[in-house]
Every structure is written in C-alpha cells, then in structure tokens.
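Please look at the sequence and the coordinates below before reading on.

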Amino acid sequence: MAELYRLTVNGVDHDVADAWIGESLLFVLRERIGLLGTKGACEQGECGSCSVLLDGELVCSCLVLAAAQTGRSIVTIEGIAPEGSPTDVQQAFVEAGAVQCGFCTPGLIMATQRLLERIPAPTDTEIREELSGNICRCTGYGRLVSAVVDVARRRAEGDRG
Amino acid sequence: MAEPRTIARERPGRIGDSVLRPDGVEKVQGAYRFSSDLPVEGALWGATLRSPHPSARIVRLDVTPAWAIPGVETVITAADVPGLATYGLVQPDQPVFASDVVRYLGEPIAAVAADHPETCRRALEAIIVEYEVHEPLVDPERAIDGSHPPIHPGGNVIRHQRVLSGDPSVVGDIVVEGDYEIGMQDQAFLGLEAALAVPDPGAAGVELHVATQWLHEDQKQIAACLGLPASAVRLVLGGVGGAFGGREDLSLQVHICLLALRTGRPVRVHYGREESFLGHIHRHPARIWMRHHADRTGQILKIEARFVLDGGAYASTSHAVLTNAITHTQGPYRCENAVVDGWAVRTNNPPCGAMRGFGVVQACFAHESQMDKLAAACGLDPVAIRLRNAMRTGDRLITGQVVESVAPVERCIRETDALALPDEPIGGRFDDPMRLPGGAGLTADRSHIRRGIGWGVAVKNLMFSEGFDDYATARCELADGVATLKFATAEVGQGFITIAPQIARTLLGIDDVVVDRIDTGIGSAGSTSASRQTWMSGGAVDAACRKVRERLFEHVGGRWAVDPLRLVIEDDSVVDSLDPDRRITVSEATAGRRFAETVEFRHRPTQPLDENGQGDCHTAFAFVAHRAVVDVDPDLGLVKVVQIATAQDVGVALNPLSVIGQIEGGIAQGLGLAVMEEIVMRDGRMLNPSFTDYLLPTFLDMPPVLTTLVEEPDPQAPLGAKGVGEPPCISVTPAIVAAIRDAIGRDLHRVPVRPHDICL
C-alpha cells in the first residue's frame, strides 16, 4: 500500500489513502473518490468512455496512473456543470436523441465540451475526426453529430445576439 | 426522407411524439447508475479463472494457494455448486464451472472473492491447474461428418433441420450459385458485464443487480444452479450499457451469487474487455451454399441451400438461430420450391448465440448476394430483380406459412430508390483527404478511387418462434391522476421506458406516469430481443391501461348513471360521447381512488417445424431495404461508405426519434460486419479480444443515413407498431458488399470484406 496522496478533482482536494500504487485514475475516481460518472469500457484508451480533463487536456483516465497526478487539475463529468443544471452540450445530447444506453455518453460529453472550446464552429469532418476516439455502439453517431451541430449553432446565434 | 418530428416540450408526449428519454438527463450528467456503478460498504470483488486452452482435460486443480493470499475470502469451483451443475437457454449443457474437461478457451474453472481486484488477480494466478491438452475441433464440417469424436455428451450436432417445399425437381433456365461465409461478430456493448450480489441473512437467498436482457430467465437458471427456489433469487435490473443479444445468456450471474452466498457479504464482479469477449456468446460464424433457379424473366423458381452454423462449445440458442437462418433462405421474395439443409454444430470455438438479426443476418448476406448474381444473369438491374420477386401479404413461405403481416416490400424498395444519391463527388466536395478511403492515413490516390452502389432487402421475423410460450406481463395502477407502470422489461438503451409512458398517457388522458423499478417483483416480460418488446411489453402495457380505463369508465359511468360504453377519453378528461358537455378530468375522477390491473399479453401461438421444415413457426414479419454507396481504394483495399439510404417497414412509429436512433445504430453494426468487425479465431484461440484489435465503426466510418419510415399499421400488432431493432442491421451488410463489388468488378463472398479480399 502506498502513502497517502492528494488529487484535485473538480476543484476539490481529495486525500487518497491505503491505495495500491498501481491503480489507474479511472479506478481511483470511481472507487476511492466515489465519482462514478466516468466509465470504463476497454482499458486500452480505444473507446473514450473514461475521458476526463487533465490540466484542460482530454485524456483516457484508464491509461493514467492516479498517484502521478498530484498537483494537477482533474475535471470529470460531475465537474462540468457545478450548479447542477445541464450544460448546453448535455441538453443538446438529450434533445437530439443522442443518448441510448448512455454508457459512452459521459466520455462523449467531455470530448464534445473540449472540441467546442478548441473549434467553436467545426465542420462535419472536424466533428467526426475530433470525436473519433469515442466509440458509441448504440446510435450510429447520426444524432450525436446532430447534437454537436445544434450546440455550435446555438452558441454562434447567442454570440451574435 | 423522414426527419424526426418536432419534439413535444410543452407536454409529456403521446403515441407518435418524439418524446425524450426519461433517463436522458441522468445519463448526460453521469448520474445514471449502471450495473458497474453500485458500490456497497464492505463489498468484496469477485473474479473468474478461465481455461487457457480450447480443449483439454483437467488433470489437477488445486485452489489452496489462493486461499493463502491475504485478502482472499473464498475460492469456489464446480464442487461448490449446490444445485444443477449446468445451465443454458434452450438446454442446460454448459457447466457453471468446468470440472473434468474444458471445451473452449475462456471456459470458467473457478472464482474468487477478495478485498481488491488486484488481490483477485493474484489469487487467480495462484490457482494450480494442470491440463492434458487436446487437439480442438474447430472445423464445423468435421462435427457433421462424424470424423471427430464427440466433444460433449450431447454430441457434435446441436440441430439438423431441413426445409423441403414444393417440387424439388424443378430446374430453371437461369441458375446461379455461390458459397458464402460470415465471420464471427461481437455485440461489443460498451457497458461491460457487471453486477452486485447481496446475500440474505443466513444465505437463505440473494438479491442480484445485473445488466441482462431477460430477468426471469436469468432467475430461473440461477436458482436451479444455486439449488434455491426462484423466489429466493430476486433480480433487479442494473443499468444496462447496451446488449444486442450478448446478454441473453448467463455470464457472471451464477458465479457472483455463489460468491455472495458463500461469504455472506455483498460481491461485485466487473469483467474487463478481454474477459467480456471470452465470457459472452457471439454471432454464429456461418458457411452457406445457395443456388437459385429462375426463369428468363428473373422470377425465382427454386432455391437450394445448405447452412452450417458454428455454435461453438455449448448450445445456447443455436437451435433457434438455425430456425431463423433456414426459414429466411428466400428473403423477402416469393419462391414455391426449396430444398434447404441446415446444421448447427458444436466445436471447440466460443459458444455462439443471440446477436441482433439472429440467424437472418447470415441468410440475408447469402440471398442478397444471390439476387445480384441472378440480376446479372437475367440482364436486370438490382432493383428490377427485387421488384420482380418482391413478397406480398398473403404469399406462402417455403415453410408453408402464409405471410399475414403487412408486407410492403415493394414500397420499401421504391421509397429507398427515391432517396437522393450523394451529390458529393468521389473523395468529397472539399478536396478533403479525410473523406477518402483510408482517411487520416492519407494513403489514397484520388484518381484511383472507384465508386459503387449496392442493394440489400430483408425480411425479419418478430418475436419468438416454433411454439415458444412467448408472453409479457405489465401492471398499470392509476391513482390521483398518476399512472404507475410496472414491468420486468429489460431497458437496455432501446427506449421501452420512453414509449411505455407514451402508451399510458394516450390511453388514460394523463401526463404523469411513473415507471416502477424493473425487477422480478412482477411476472416475466420475456426477453428484450427478437424485436419483440414494442409488440409484447407494449401490448401488455396497452392492455393493462385499457383495463384500467374500463374500470375508470365504470366508476364515472356509475357516478353519472350512464352506460360506461358511452365514455371516452378526450385530452385530459373522461367525456360522455353522447353528451360532450359532461366531462371530468381524469385527475378529479381518480382522486382518492386507485385502479390497478395486471395483464399477461401473448402473441398468437406458433408451431415447431416438422421434419420437412413445414409449419407456422413465426409470428410476424418486418421488412426493410438498404442502398449503399461506397468509395473503394483498390490499391490498398480500403472502403469508405459514402451514404446509406433506407426505407423500413415500422408499422407505426410510436416515437420517431427513437426509431431513427434504432435505424442508424443498427446500420452502424451492419456496416461493421460488412467491412471491419470479426473475432478472428485460429485453432480455437481468439486473436483479437480487445477494442484495439476488434475494429468497431467510429464517427469517421459512419456515413450520412437517409431514412424513410414506411408506416402501414399492422392490424395484428397491438399498437399497429412493429419492432424496429433488428431490420436495420440485416440487409445493410449485403448492400455495402454489393456496392464494393460494383466498384471493383470482383466477386466477394465473405464478410467482413478485408483489404486483401479487394486488392489481392
């Protein structure tokens, strides 16, 4: 067992005690800190279900060693809408029919939030390329693309307004 | 093209509205609890030891070193199974734990419970197993010809069934034939197998929170293995991260319950992705020979076929998958004469069972490839040959069964044909290399790319077949203007929890509908498979709500001293149809009162096939057409699917947005089978049990999908609505392969099409 270490998740410091040093960030977030919104589905960084932001960059938390992330900012699906009401991305996913089983959804929300920060008005190809690291088995992606397009359009309209 | 209708935001929607999922907000917030998200104070972790060999005798099994590891609470083997030692959906032929022989790679041998997943891993490593390794049986033909000794007491043939129809001596002027091969596809649901088992005090029973497709079938099989009455094994549906057939069979259920009962503590088990590939059944790989006889106008006169499905080591649902495959030999086309021979056999490959399309996917790839050969031989185009033979309501199938379902095959083809072809030039409008085959690899030479167009049309049976007592149970309770629905229907992402309240709102004139916890606290709903829940559980909810409405009308009729038959629901009120000014809101009418009804809904009975494959074995049918456009890089053998157009026979779209979601999602899985998805087996070993090596369609692989919903209400269906889940993934696969053939002018006879099939 390792010494106590401290992780900063969604702006809150968490002391991780009595943990095996080999635990992934995904495991520690879910099982030590109790943030179950981040999902594990492949353990190889192929499916994007476990996406979180690490110092603002999108990473697969299944591939990140938790104990090495002290002093960095970790943001999970639970941390993107602190006041509890859904973000525009989350709302658009619901309204566009982009959610079926929902297992890939938290990872896709994280990836979409990051995509629209970097590219506010993405083309269809940019959406597909940027999100191609997130696998969805239910939707065939059509409603997901539609949701992303909706958010980008609404944000542009809001900016103009 | 049918775009989803406007979402009704002002009021909770009725039948036909694109109502949003009730669990949508929880899911986007990460607050929805899947069966992997159920931590309990003091819970142990469980894990399973699996065979590293596809065929071997267990010479020695010693678990004592595992017991010695600190943190290990229990270790169990076959000797610890108190009830039936085997389980299975159709026949209990699969051991809970292998004790003497192992019959496939990954077969469970022992399980442990410990304080941490890492402790579990070390405990499994410590278990000593010595094997006498045998040559595995991997060639299905050797299972048929008897040249390999039986690998199971049940023998190497799971089922042999013929279909003989009409005159076998008929010979056509035009004869085309082919040998076809379908690879092993995985359901690849994102939510890995996971569960929580909580034992009752004194190990008298257990509560299992699990992701499954059929709570009551699980309950029955688990209870038998535990040696407990079914009432002592209570199942609660954990959040299900997709299913697609892969959760119809048991995986971890018995193991986790045994661990919990043995330790007296809650236990969680989570499979990893590799274990998931090893631990659940797959789509049957198949070899199909088919020969079509036709006259010179292209009319089909006779079909001959031989199907060989590799069922792997245990029977699972192979029996029923074979029925579906051989009874769909003709596809959605008229044919009087047929000679079909079907085999489902046992090998030392992984067990195969249900996956979306269930036997029909395999048949459809063969019959649609044949239709294109027939078209070419008759000088017709792919659309003309299909219209020439399109099935209609009232036609007799090769099983002798008459198609009573609405059968808009011709309309599906014509509506698909009417959808616009892509206006994008080859390689995309913006000179974007990402749009070329190979995408980000930037490997394609634009001038070499060839475009092709292909067709596929399918028929799919709905619900269970061959005499199965297929039913669904639902309860509706109406009190104080609120309806509460209770059913054991597994919500796996398809959206039954969205449409069930729509049905209740429409029938009862209310807005507030609560869906109770989905568990075994009510009778079975049957399986969430076979495109059956809209019809079956939808039918049960519909019938329960109608009974409650009758009770409500009796109550109001009594108060008004009028015949309840005069009463109707209008908007939110009960109204006297002969005196429309007399009305009362349902909320007022039910204030302080409670009306509750439980209904078991059955579809009409079906019959088993006789020895010649004759009988009314299916309940109903749905139809679909697909047209695919592809760009192919013949140098590297890479394919970019450019567009899919489809028209699907849905009866009535109860929720158009959900229907579109099913259609697009099914098409993605059919595209996967066409060009990338295959579990590659060699000598009984799985070479690619990971998402790195088993390729799934990504955002970049999926093209735009143009969809027309063909809405012709089916009078046999309780709501006029047919199941929509399976048809999308069936004929899109042959359509894409036909498009690749069209692009490169080469015969392709297996799926998935691999680069070397195209360019070597």
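Predicted model: local features only at pLDDT ≥ 70, side-chain atom pairs only at ≥ 80, totals over all residues.

Residues are numbered from 1 along each chain as its sequence is written, while chains are lettered from A and ligands numbered from 1 in the order in which they are written.

Q: In what order do the elements of chain A run from the N terminus on?
A: Chain A has five helices and five strands. Helices (H or I, at least four residues) and strands (E, at least two) are DSSP runs, numbered from the N terminus. From the N terminus on, the order is β-β-α-β-β-β-α-α-α-α.

Q: What percentage of the residues in chain A is buried?
A: A residue is buried if 20 or more other C-beta atoms lie within 10 Å of its own, exposed if 12 or fewer, and partly exposed in between, with C-beta atoms placed from the backbone. In β2(A), the count of buried residues among its five residues is zero. For the 161 residues of chain A, the buried share is 52%.

Q: Which residue in the hairpin of β1(A) and β2(A) takes a positive phi?
A: Strand β1 (residues 5-9) of chain A runs antiparallel to β2(A), and five bridges join them; two strands pair if DSSP finds at least two bridges between them. A:Val9 has A:Val12 in β2(A) as its bridge partner. The hairpin has two residues between the strands, and the positive phi, near 50°, belongs to A:Asn10.

Q: Is A:Asp18 buried or exposed?
A: A:Asp18 is in the loop between β2 (12-16) and α1 (25-32) of chain A. Its phi is positive, about 55°, although A:Asp18 is not a glycine. With 9 other C-beta atoms within 10 Å, A:Asp18 is exposed.

Q: Which helix gives the most to the side of chain A that touches chain B?
A: Two residues are in contact if their C-beta atoms, placed from the backbone, lie within 7 Å, and 43 residues of chain A are in contact with 49 residues of chain B. On the side of chain A that touches chain B, α2 (88-96), α3 (105-118), α4 (124-130) and α5 (142-160) of chain A each supply at least two residues. With four residues, the one that gives the most is α2(A).

Q: Which strands stand at the edges of the seven-stranded open sheet in chain B?
A: The order of the sheet is β3-β7-β1-β14-β11-β12-β13 (chain B), with mixed pairing. Each edge strand has a single partner strand, so one side of it is left without a neighbour in the sheet; these strands are β3 and β13 (233-237) of chain B.

Q: How wide is the arc that the buried residues of α3(B) cover around the axis?
A: In helix α3 (residues 117-126) of chain B, the buried residues are B:Thr119, B:Cys120, B:Ala123 and B:Leu124. They lie on the same side of α3(B), because the arc they cover, that of the directions from the helix axis to the C-beta atoms, is only 135°.

Q: Is B:Ala561 buried or exposed?
A: B:Ala561 is in the loop between α13 (533-560) and β24 (567-570) of chain B. Phi of B:Ala561 is positive, near 60°, in a residue other than glycine. There are 6 C-beta neighbours inside 10 Å, so B:Ala561 counts as exposed.
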